[in-house]
Amino acid sequence: MKLLNYNSKIKKLIKTTSFKNIKNKNTNYNFPLLEDGFTDEDIFKGLEVLLSRKITMSKITEEFESKFAKYVGANYAVMVNSGSSANLLTAFALVNPIKENKLNYNDKFIVPAICWSTSLWPFIQSGLKPVFVDVSKDDFCIDVEQLKKKDLSKIKLILSINILGNSPDILSLQKICKEKNIYLIEDNCEALGSKFKNKSLGTFGDFGTFSFYYSHQITSGEGGMIICKSKKDYELLKILRSHGWDRNISSKNSKKFNFVNSGFNLRPLDLTAAIGLSQLKRLNKMKKIRQYNKNKIINSIKQLPNWNNQFEFFNARENLDPSWFGFPILLNKNKVKKKKLFIKYLNDCKIETRPILSGNFLKQPCVSLYELNKTNKKFKVADEIDERGFFIGIPTEKYSNAKVNYLINKLLHIDKFK
Ligand SMILES: Cc1ncc(COP(=O)(O)O)c(C=O)c1O
């Protein structure tokens with residue numbers, strides 16, 4: 001086998017490219033969004049696929065899909081090449097001519113103001129019209145209490161976004177949608193592994209979408225999944241995923257190259273499926289460690305004499321068994337002016353930060369470009385999260401006392417800025 005000739009090159013490559021070698025020279029502490037995302041086992045599983053020379057649509061993708069469906073308790077799962085693609089396929093499945101109770105051009109959908117770009121755009125691209133609503137300060141997700149007061153008679157779909165592992169009042173939301181015949185879609189790209197009353201988030205809606213992008217609960221570099229309840233939806237998603245072609249469905253025609261619907265090519269690589277599957281096997285373990293680390297930061301910081309309630313932390317909704325990957329912080333209102341300096345300071349200390357999703361999405365230039373908020377609606381809580389919030393990563397290895405002390409001391413540094 002010619003590859004054996006690469007033996008020494010491979011050994012050298014492994015030695016020189018280990019992520020663990022990259023450290024902050026001054027402190028030895030690094031706080032990236034995700035520390036060393038891949039184990040040797042993950043890498044080996046990916047290599048196995050490469051070495052098999054069959055890297056698209058072989059058995060490993062199907063295996064990942066069926067194990068994923070089992071893990072979250074869904075009837076069906078379809079893997080795609082990103083969480084954005086999962087939302088795109090979902091949106092286009094809902095407006096497809098063969099979908100029962102399909103949605104129509106200009107039908108309205110509700111979307112929270114704290115959302116991700118490709119939570120929103122796929123539904124607009126499929127011809128639907130957004131109606132923005134505010135989020136709840138408790139969980140940063142859609143504010144269901146506000147929704148109850150709204151006239152929903154023209155609403156055909158509610159897009160719930162389960163932010164950073166948290167959940168909205170999902171049972172009430174599900175009830176509203178059932179009573180009013182509204183589709184409930186859960187963008188669960190940020191909450192794989194979270195369970196509400198022992199039922200996985202993502203399974204409460206008609207469709208649930210997931211992302212395996214780099215910093216999420218599990219990662220395959222890029223990758224996504226859609227779960228659904230009926231075989232018809234499952235087969236429609238598979239047709240749309242792959243050119244509108246019927247070759248991957250049970251009722252396929254004997255004619256080859258039979259294109260029965262519109263389509264995309266949003267197929268994943270087996271390489272990412274193999275890595276995703278490898279990570280799924282240790283998701284529960286990583287979830288527990290992240291819960292431990294999150295609690296350790298909060299408990300340690302609260303013991304410091306200069307703590308003074310400087311921030312608000314993010315708590316899991318009652319009855320939620322959360323699966324975190326980020327640690328959001330809301331600065332106290334009187335510290336907002338220092339936020340820019342503070343974020344720069346943290347980044348200089350190798351503590352990577354991110355806005356909470358993309359902040360209040362209505363402030364993004366693309367919203368003005370497409371005139372999505374002509375009436376200039378304001379959303380109080382979304383604005384607050386935008387102005388006061390940011391998050392840092394939570395690692396999948398337990399924090400040592402020294403490391404957490406380093407981190408919390410840096411977090412409390414904000415008071416030193418004039
Ligand atoms: C809520 C949400 N939806 C969708 C996506 C898109 O996922 P991907 O990056 O895999 O395309 C993200 C990405 O981070 C997200 O946070």
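Trainee: Hi! Is the crossing of α10 and α14 right-handed or left-handed?

Mentor: The crossing of α10 and α14 is right-handed. A crossing counts as left-handed if the near helix is turned anticlockwise from the far one by less than a right angle, and as right-handed if clockwise. Helices here are DSSP runs (H or I, at least four residues), strands are E runs of at least two, and both are numbered from the N terminus.

Trainee: Before we go on, what kind of model is this?

Mentor: It is a predicted model, where local features need pLDDT of at least 70 and side-chain atom pairs count only at pLDDT 80 or more, while totals for chains, interfaces and linings use all residues. Residues are numbered from 1 along each chain as its sequence is written, and side-chain values use heavy atoms, with hydrogens and water left out.

Trainee: Thanks! Back to the pair: at roughly what angle do α10 and α14 cross?

Mentor: Helix α10 (residues 283-302) and helix α14 (residues 401-411) cross at roughly 65 degrees, and their axes come within 10 Å. Axes are lines fitted to C-alpha atoms, for helices over the stretch in contact, with angles from 0 to 180 degrees between N-to-C directions.

Trainee: Which residues of α10 and α14 make the contact?

Mentor: From α10 you have Lys296, Ile297, Ser300 and Ile301, and from α14 Asn401, Val404, Leu407, Ile408 and Leu411. Contact means heavy atoms within 4.5 Å.

Trainee: OK, new topic. How is the protein chain divided?

Mentor: The chain has domain 1 (47-280) and domain 2 (283-416), with bounds from an automatic or database domain assignment. Their centres, taken over C-alpha atoms, are 26 Å apart. Domain 1 gives 42 residues to the contact and domain 2 gives 40 residues.

Trainee: How much area do domain 1 and domain 2 bury between them?

Mentor: About 3,500 Å², with 67% of it on carbon and sulfur atoms. Buried area is the accessible area (1.4 Å probe) that two parts lose on being put together, summed over both. On the domain 1 side, Lys137, Phe140 and Leu164 lose the most area to domain 2, together 20% of what that side buries.

Trainee: And how many salt bridges are there between the domains?

Mentor: Between domain 1 and domain 2 the count is 3 salt bridges. The rule asks for a side-chain nitrogen of Lys or Arg within 4 Å of a carboxyl oxygen of Asp or Glu. Lys137 and Glu312 meet in a salt bridge, at 3.5 Å from N to O. Lys137 lies in the loop between β3 (129-133) and α6 (144-148) and Glu312 in strand β10 (residues 311-313), so this pair ties together parts 175 residues apart in sequence.
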